[in-house]
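Dear colleague,

I am handing over the structure below, together with some notes on what turned up when I went through it. Please read the notes with the sequence and the structure side by side.

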Amino acid sequence: TVLLRTTGAGVVAWNAVIACCVRLGLVDDALELAGRMARDAETSAVAEPTLATWNTVLSGCARHGRDREALAVVGRMLEQGLSPDAATVSSLLKSVANSGFLGHGTEVHGFFLRHGLAPDAYTGTALVDMYAKCGRLDLAQRVFDGLEHRNLATWNSLVAGHANAGQFDRALELVETMKRHRLDPNVTTWNGLITGYAMNGLSSQAMLLLRQIKAAGVAPNVVSWTSLISGSCHSGDYQGSFTFFSEMQQDGVQPSLVTMLVLLRACAGLALLNKGKELHCFALRRAYDGEVVVSTALVDMYAKAGSLTSAKRVFGRVQGKNLVCCNAMLTGLAVHGQAHEAAALFHDMWRSGLKPDGITFTALLTACRSMGLVTEAWEYFDNMEAKYGVAPTAEHHACMVDLLARRGYLDEAMAFIERSPGEPGASSWGALLTGCAIHGNLDLAESAARHLFRLEPHNSANYLAMMSLYEQHRMFDEAESLKYAMKARGVDARPGWSWTQAGRSVHVFEVDGGSPPHPETPEIYGEMSRLVSQIRMVGYVPDTGCIAYDVPEEEKERLLLCHTEKLAVVYGLIRSDKSRAPVRVVKNTRMCRDCHEVIKHVSALCGRQIILRDASRFHHFVDGKCSCDDYW
């Protein structure tokens, strides 16, 4: 404010304020000030931005992940007639490396060569890093070999590039070569290898390396541990993320902002609401909650952990909401079946000037699917490109197929697939198969299955869906043939499971004895029998149509009691009887009709709230009713 009110402030003053904004992470303010300098210099006595001005802004963009803005900054420099220097190139290459835009990276490299700029160790390292992160290790090696001056950072970039690509032998060979050149590997060198192991699903090797460097006297830092945690999260081992986090704390290493963001993602993946609340408290203590990126992660975590109210509360407090934050809230509303609220938020975004992207429309179409809003979905889909400039992708086409198929418009869904541009993907055929399974259409299901068996021959879900349909139509020979086909192709059936949290422990219930039986199984089944007997008295009738096996009705009723979501719900009720807290259950497949009906009755009988996340959406059971209105 003082700068803007000062008449005739020189370029040094402007540059000092812009540099301060960059150091504080206020990249938008730095961009605005530099832009104002450029605009006002044409009509007033305001100093014109210099190369140093733009380089400062560019370094802020690179440091804070504002990669697209970095390219625009260089454009403004060139319009002003300024020639980029080595500092410009280094910052721009960092942005290119972060975004993976190889084409832009080669253009920058070409500009560098055309203008006769000799690469020093700093710019050479930036080029090696850019090519390595863009997946062109051959070009990274060529640049590396041509450098007259290399420093430890140059070697580390190449080591990390090979490690991230899974080429661990070559990465370790480079480490040995470093030693022969009298360069001692530092913690950054080892972090590159740890990250590579972790991101390639080899967390045990990453942990082994971390312990080895500790034994050798190299202290792992927050980056080392965050790489381990992030790698586990990336490979879906969310529980492993928390195990490593616990070891990190025991090692006396304080988590960073990035560590917390990764852990919030793990909480979202496991729907661990209590752990997420603990991390929220940590964010408040560290004053991270003012960061939009943290608020976005919290919105995502609370929504995926089943607390939409908390997600809305965090979202409502965010200052300067960006598209990523709004998309997180839209996605949360979608999975909770709040289509009308999602539509209202979308229109607020549009009116505020936020341009939607593909993720925005995936969330909107998912929200429409959750409530069966066909007309509204068509309106969004038809206007995506014409009004909003977003080209529909295969994911958007699959959302439309899913909506139409679930609503029973199977012929329309098939016609939509046939007129879609390009070859329809597995997601569209899978959505059609799911709709056929719900509505019992065997002919269209067989057509969809033929495509799926070709596109993803090792996906057990497709075989199991067809086997269930055949068994429902009492075509047991065809179902048996599919079992043989699975065995011949080496396809393992994905086990069905449900879990609930009691205290600080997660209790998993699996189909077909995938793990040892729960130690409290007798108590669980005893309570289950009691509850089922009571809800039968108020009208519950077992839906044995959910059991496709050719067995007597009594056996089908017994099999219904073994469904994992029922076991998890009953266990949750037993363990939270005193606290009366909501029972929260996560299931990896779609809930069957009988389980849905049982849980509705149980919520009324016990006067308890039960929140269940299945493969389709969240179900909130209260007083005998479900938030999905029996449509899922």
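Lys 214 is partly exposed, at a relative accessibility of 38%, and I begin with this residue because its side chain takes part in a salt bridge with Asp 251, in which the closest N and O atoms lie 2.8 Å apart. Please bear in mind throughout that this is a predicted model.

The two partners of this bridge come from distant parts of the chain, 37 residues apart: Lys 214 belongs to helix H13 (residues 203–215), whereas Asp 251 sits in the loop between helix H15 (238–250) and helix H16 (257–270). Asp 251 is likewise partly exposed, with a relative accessible area of 28%.

Glu 278 has a relative accessibility of 36% and counts as partly exposed, as does Lys 275 at 23%.

In helix H30 (residues 521–536), the side chains of Glu 527 and Arg 530 meet in a salt bridge with an N to O distance of 2.7 Å, and here too the spacing is 3 residues, which means that about one helical turn lies between the partners. Glu 527, at 22% relative accessibility, is partly exposed, and Arg 530 is partly exposed with a relative accessible area of 40%.

Turning to the strands, S1 (residues 497–502) pairs with S2 (residues 505–510) in the antiparallel sense over 6 bridges, with Ala 502 standing opposite Ser 505 in S2. The hairpin of S1 and S2 has 2 residues between the strands, and in this hairpin Gly 503 takes a positive phi near 65°. S1 also pairs with strand S3 (residues 583–587), again in the antiparallel sense, over 3 bridges, and in this pairing Thr 500 stands opposite Val 585 in S3.

How values were computed. Residues are numbered from 1 along each chain as its sequence is written. This is a predicted model: local features need pLDDT of at least 70, side-chain atom pairs count only at pLDDT 80 or more; totals for chains, interfaces and linings use all residues. Side-chain values use heavy atoms; hydrogens and water are left out. Two strands pair if DSSP finds at least two bridges between them. Helices (H or I, at least four residues) and strands (E, at least two) are DSSP runs, numbered from the N terminus. A salt bridge is a side-chain nitrogen of Lys or Arg within 4 Å of a carboxyl oxygen of Asp or Glu. Buried means under 20% relative accessible area, exposed over 50%, partly exposed in between (1.4 Å probe, protein chains only).
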